[in-house]
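Here are my notes on the model, in numbered points for you to check against the coordinates. I have put cut-offs beside the terms as they come up.

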Amino acid sequence: MNRRKKWYAVPAFVLAAGIAAATYCLATKGAPAVDVARYTEASAEWLQASELSFLPDSRNAVPGMKPVAETDALALYYDEETTAIAVLDKRSGKVWRSSPEDLDSDPIASPYEKEALASQVTVNYRDDIGTLGTFTSYAMSVANGQFKTESIENGIRITYVLGNAEAGIDALPKKISKARFEEKILSKVDDQAKAALRRAYAPTKSDPEVLERLDTYVERPLVLARVLAAFEQAGYTGEDLAFDNEENGIGGGLAEKPSFTVVIEYRLEGDSLVVCVPAGRIEEAEGYKIRNIELLEFFGAAGPEAQGYMFVPDGSGGLIYLNNGKKNAEVYSQRVYGDDLNDNTGRRKQIAESVRLPVFGLKSGDHAWLAEIELGEANASITADIGGRQNSYNNIYASFMLRGEDELELYKGSRGVEEIQLLTDDRYTGDLQIRFSFLSGNDATYSGMAKLYRERLRAAGKLKPLEAEGDLPFYVDVLGAVDKRKSFLGVPYKGIVAMTTVEEAGEIADALEARGIRNVRMRYLGWFNGGLSHTLPSKVNMVGKLGSKKSLRQLAERLESMGGGLYPDAALQHVLRDNFTFKPASDAARFVTREQAWRYPYDRALNRMNANLGTYWLLSPAKLPHFVDKFMKGYDKYGIDAVSLRDLGDLVHADYRVRRVVFRENAKNIAAEQLAKLSGRYGDVLITGGNAYALPYADQIVNVPMETSHFNIVDETVPFYQMVLHGSIEYGGSPINLHDEQDTRQHLLRLAEYGAAPHFLWSHESSSELKFTRYDYMFSTQYTDWIDEAADLYARLNDALAGLRTETIEEHIRHRDGVVEVRYSDGTSIFVNYTDKPVTVNGVRIEAQNFTVGGDSR
């Protein structure tokens, strides 16, 4: 018998639903993600601990404290009652304390402030409804005896339990049956306790056989103490409480109160104090989430009579003079590596330079200390404040965000908008670690701090001495192609405008060589995948209007023959233009509010983000390795052994996707791994910004900070960043022709002081082509308008700095306002005079608004 296949009609809506589901799956599959847990740095095992023991103390250097560890340079002391520590610098005799010695006599500090002064750690937390609370270790742990101290190798470990361990009134049943009250409680206590209990409970109106706690009476401290003692005498247990509450519809058991367990380890390593908080060992009471931890808030704090300053890593570096009297200025506070773009606010918190280096310090008299955040720095913020405001002490410290935080706006109709603060459920579990080092005498300055940090980076292999000789680099960003709104027969579309072709870039190089500039480091922007705002580089296709692979390679060879190099540029963390390679639902980072991280550039005129200036996605850091591999595969076909990385060493953002949270510290470690991969593949890597984690992999850096954010509380700008880098990595500031300051003489003086190479951003076509586009901030790019002035500036600068490329900056001295001296390791000094009159320093005359080279080697 012939069997025919039966065909059944499929309803149209079922077919449509199937097509939609298939399309959604294809659209959201996305790129493979890495295992984020692999990028959390935490100790695999605890250091072995033993009962607290002390060393013999023949010095009695810190009265009231006992020594617990010692090296050739330092001794660590501990106070058993307060858990305060002190470090004796045996080389100078200086003692640095974690809390001020005379805090109890502070005439300004309130009782609460004195508790903060006496604390080694402060926990800020939120409850289930987002209410913010604060626990200090002294008030909520030490004062109650809720801590344990143990000895570890060359140090101590302190375990704090922060919170009220006493159950209080919640240890008593809200309601209890009359029968159980008499059987379980009254029958087992003495007559005095019975009298207290009968006044504490009364029959309910609805049921006389059920007794209710009289809270207005029981809450009195003396009454509560008597009633609790009576229940304890009766042998009333937690199980009994749970039974009575459940029987009477109150709910089970004792309600949890905010309580947290935090561990701090102090260890001496050579000439350093290492402080570590293993965040993975933190415990939280149910219903309470730690937002952030403030660590050693008053370590080395300077009193009202101290002379010196606090060093803050704002931009190139800033100094806050001790007791500067700026009580109306905002407290200094900045996140390390800049603000996280992964938040859903439409406004920027502040316009500021980024913190590129995770270091801070304090100088008091002839002594100083420097702190380096070694672990967890991408989650950290640095805060500094002067004395005379909340207390008498100048202090600077680091705090660490353990969770992502954002705000959710709830629209309540005519009642307006309510903002709810949200924290992620997941918490960062890596180690948080700070290393404190100590200086004295002539080294106790910001120059000494920079030298110490540089030497530490070199010893760790993160910086290497520069061996290159010859002329100073001339950094020039060449603008290739940009997208621009066009129309055809009235229909708008996004077209491509070639601002500088490869051939024209070669003309710029020739024009520079003709003016005596050979070491040209050319960063080619907007050369592939649609121009400056390119698509994700899963493929690398050169913009046809600019030239070909062959012409690009020839340009690279031409620049190399001159002594310079070509650096084709790529953005790898920001998705500047959507395409089918990028699947936002899977590949984009997420806000804490679970929205996809779709961002807009900041508009100064409106003081908010403006979608008219373009939009972009934040790529999930978990997807970054996949796209870096794709980029390298496509880029290798061009045969160029150098590359420019626009954002990989400049910005760090988190991803708060519920099932795959990537904290900023994880994202930093992922970015560093990709930088190592790219540096291993290409011989010359140029980055922008220059965050600390990127330094080991950078050969050139542009857009390094050349000033501070000019916060009111900061008194002086210093080239700390440059003192760390000079002699190891060549660098330039932001493009001079796009700077607010258009006087090139001022730029010349700043470059001479900071030991930096000049940097310009040019195009062959007129910048008028960029009007009414998202790129109109590039208001003056046509190279012919700038090249002669740039050549004059370079000639003067190259003559002074070319021979110092491999030397380190040993000291930066401000002789008076507007007059500075920069001393190099070979004995050369650069004297810079910003004033309108000639000055003489150490027998060297410096003309008005000019600089002079002098020193032992000249």
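1. The side chain of Glu673 makes a polar contact with the side chain of Gln674, at 3.1 Å. A polar contact here is a pair of N or O atoms within 3.5 Å; within protein, one must be able to donate a hydrogen and the other to accept it, and residues adjacent in sequence count only if both atoms are side-chain atoms. Glu673 itself lies in helix H14. Helices (H or I, at least four residues) and strands (E, at least two) are DSSP runs, numbered from the N terminus.

2. Before going further, please keep in mind that this is a predicted model, in which local features need pLDDT of at least 70, side-chain atom pairs count only at pLDDT 80 or more, and totals for chains, interfaces and linings use all residues. Residues are numbered from 1 along each chain as its sequence is written, and side-chain values use heavy atoms, with hydrogens and water left out.

3. Leaving aside neighbours within four places in sequence, Glu673 is in contact with Arg38 and Tyr39, where contact means heavy atoms within 4.5 Å. Tyr693 is 20 residues away from Glu673 along the chain, and their C-alpha atoms are separated by 9.7 Å.

4. The axes of H13 (residues 624-635) and H14 (residues 664-681) come within 10 Å and cross at roughly 15°, so H13 is roughly parallel to H14. Axes are lines fitted to C-alpha atoms, for helices over the stretch in contact, and angles run from 0 to 180 degrees between N-to-C directions. Angles under 35 degrees count as roughly parallel, over 145 as roughly antiparallel, 65 to 115 as roughly perpendicular and the rest as oblique.

5. Which residues bring H13 and H14 together? Leu624, Pro625, Val628, Asp629, Phe631 and Met632 in H13 meet Ile670, Ala671, Gln674, Lys677, Leu678 and Arg681 in H14. By class, this contact has 8 nonpolar, 1 polar and 3 charged residues. Ala, Val, Leu, Ile, Met, Phe, Trp, Tyr, Cys and Pro count as nonpolar, Asp, Glu, Lys and Arg as charged, and the others, Gly among them, as polar.

6. Another helix pair to look at is H5 (residues 191-200) with H7 (residues 221-233), packed at an angle of about 115° with axes 9 Å apart. On the H5 side the contact is made by Ala193, Ala196, Leu197 and Ala200, and on the H7 side by Arg226, Val227, Ala230, Phe231 and Gln233. These residues divide into 7 nonpolar, 1 polar and 1 charged.

7. Glu730 sits in strand E43 (residues 730-731) and counts as buried, because its relative accessibility is 8%. The side chain of Glu730 makes a polar contact with the side chain of Arg805 at 2.4 Å. Beyond four places in sequence, the contacts of Glu730 include Leu466, Tyr475 and Asp699.

8. Thr501 lies in the loop between strand E29 (491-498) and helix H10 (502-514). Thr501 is buried, because its relative accessibility is 16%. Not counting residues up to four places away in sequence, Thr501 touches Tyr524, Lys545 and Leu546.

9. Finally, the overall picture. The protein has 17 helices and 50 strands, and buried residues make up 55% of its 858 residues.

Methods
Buried < 20%, exposed > 50% of the residue type's maximum accessible area, 1.4 Å probe, protein only.
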